[in-house]
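Thank you all for coming; I would like to walk you slowly through one structure today. Please have the sequence and the model open while I talk.

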Amino acid sequence: KATVSVLNWGPCRKDRRAGRAVHSPRTHTHTNTHTMPTRANTVEVDTTRQGLAVALPSSVMDTQHKPILKTYLAGQLARALAVFRVSEIIIFNEEASWEPDAEFLFAKHKNFSSNTAFLCRNLLLTECPQYLKKPLFPLHVDTRDCGALPPLMLASHPLATDVVRFREGAVVAEDEEAQTSNVVECGIEEKVTVDAEIPVGMRVTVKMAMEGEGYPAPPTGTAVSVDEARAEEYWGYKVRTASSLSEAIGVDQYDLVIGTSERGVDGTTAEFRRALSPPSYRPLLVLGGPKGLEYAIQGDPALAGYAPEDVFHQWVNVLPNQGSKTIRTEEALIMCLSILQGAMQW
């Protein structure tokens with residue numbers, strides 16, 4: 001544990017899903033007013049590096065008008081985020097409109113439609129190992145063009161012939177009426193028997209038993225936390241939704257929040273690199289859509305009246321001498337990640 005500075009959105013935030021006030025465990029007494037985030041606000045956080053998080057506006061989908069082109073764009077974003085080992089993706093609504101949790105987009109909220117939902121569904125499908133897409137993801141109109149999604153080729157996406165220590169799997173039932181099972185589909189010739197009964201249909205990380213240079217016959221393994229696999233190599237990203245910009249960044253888990261804009265400070269200078277030199281345990285990069293991050297700030301009631309420089313720890317322009325009048329979000333994403341990777345570790 002260590003004391004570090006984080007964005008502090010005040011002692012209370014409004015939970016739009018439940019319609020009630022939710023108290024943060026690291027805040028003060030209840031009040032209905034928001035306080036401005038400041039680097040001076042400090043809390044105790046886990047100093048274990050947790051990887052880089054990236055927040056993207058769902059309006060990035062507005063640049064494409066055909067579903068297949070939207071799907072292709074989602075695949076481009078997924079590839080860039082995976083190549084740079086991003087651990088969490090937040091898709092936020094710039095107009096502060098309610099969005100369901102990502103985990104329910106194929107179930108309870110399968111009929112919900114929005115740019116946020118479309119992008120999240122395709123990001124989730126792309127991150128899933130190829131042999132688990134069919135058992136874990138039901139058919140959906142938003143993913144009908146999934147053939148346009150490129151493979152990520154992650155460590156969590158091994159081929160059937162690869163002998164690896166960890167595999168992602170889906171729990172399957174040998175009996176149609178069974179609610180739990182210890183049999184897991186892991187993408188190899190035979191199903192894997194694990195050491196625990198797990199609800200059918202759940203995705204699980206399996207630590208495979210090894211015998212010589214391969215798996216025993218029949219294959220067996222142990223169900224473990226996905227963090228055990230992530231500790232050894234990049235294992236993919238998590239996806240969450242946010243109904244506004246403040247909901248995307250206004251939590252205590254990020255100790256460095258970077259906003260991007262052509263009106264920000266020069267991000268190519270040594271001065272900016274020095275500003276990133278203190279170790280960051282949970283950095284968050286926030287990109288704007290076609291109308292810029294300023295539009296997301298103006299459209300968020302919780303941020304009304306605040307300047308971008310007051311909302312983010314760093315407000316940066318990653319390409320000061322751009323030749324085009326505009327830089328698309330998918331282009332800015334790669335530029336930002338390239339510059340940040342040279343200035344900091346995650």
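This is a predicted model: local features need pLDDT of at least 70, side-chain atom pairs count only at pLDDT 80 or more; totals for chains, interfaces and linings use all residues.

Let me begin with helix 9, whose 15 residues should span 21 Å at 1.5 Å a residue, and because its end C-alpha atoms are 21 Å apart, the two values agree. The expected span here is 1.5 Å times one less than the number of residues, and helices (H or I, at least four residues) and strands (E, at least two) are DSSP runs, numbered from the N terminus.

Residues are numbered from 1 along each chain as its sequence is written, and side-chain values use heavy atoms, with hydrogens and water left out.

Where does helix 9 lie? Helix 9, residues 329-343, lies across strand 5, strand 6, strand 13 (256-266) and strand 14 (283-286), and runs at about 160° to strand 5; axes are lines fitted to C-alpha atoms, for helices over the stretch in contact, and angles run from 0 to 180 degrees between N-to-C directions. Among the buried residues of helix 9 are Leu333, Cys336, Leu337 and Leu340, where buried means under 20% relative accessible area, exposed over 50% and partly exposed in between, with a 1.4 Å probe and protein chains only. What covers the buried residues of helix 9 includes helix 1 (67-83) and helix 6 (270-275).

Six strands form an open sheet in the order 12-6-5-14-13-15, with parallel pairing; two strands pair if DSSP finds at least two bridges between them. The edge strands, each pairing on one side only, are strand 12 (238-242) and strand 15 (314-317), and the twist averages 30° from one strand to the next.

Finally, consider His157, in the loop between helix 3 (133-136) and strand 7 (166-172). His157 is buried, because its relative accessible area is 10%. Leaving aside neighbours within four places in sequence, His157 is in contact (heavy atoms within 4.5 Å) with residues including Thr126, Pro129 and Leu152, and its side chain reaches the backbone oxygen of Glu127 at 2.7 Å.

Terms used:
A polar contact is a pair of N or O atoms within 3.5 Å; within protein, one must be able to donate a hydrogen and the other to accept it, and residues adjacent in sequence count only if both atoms are side-chain atoms.
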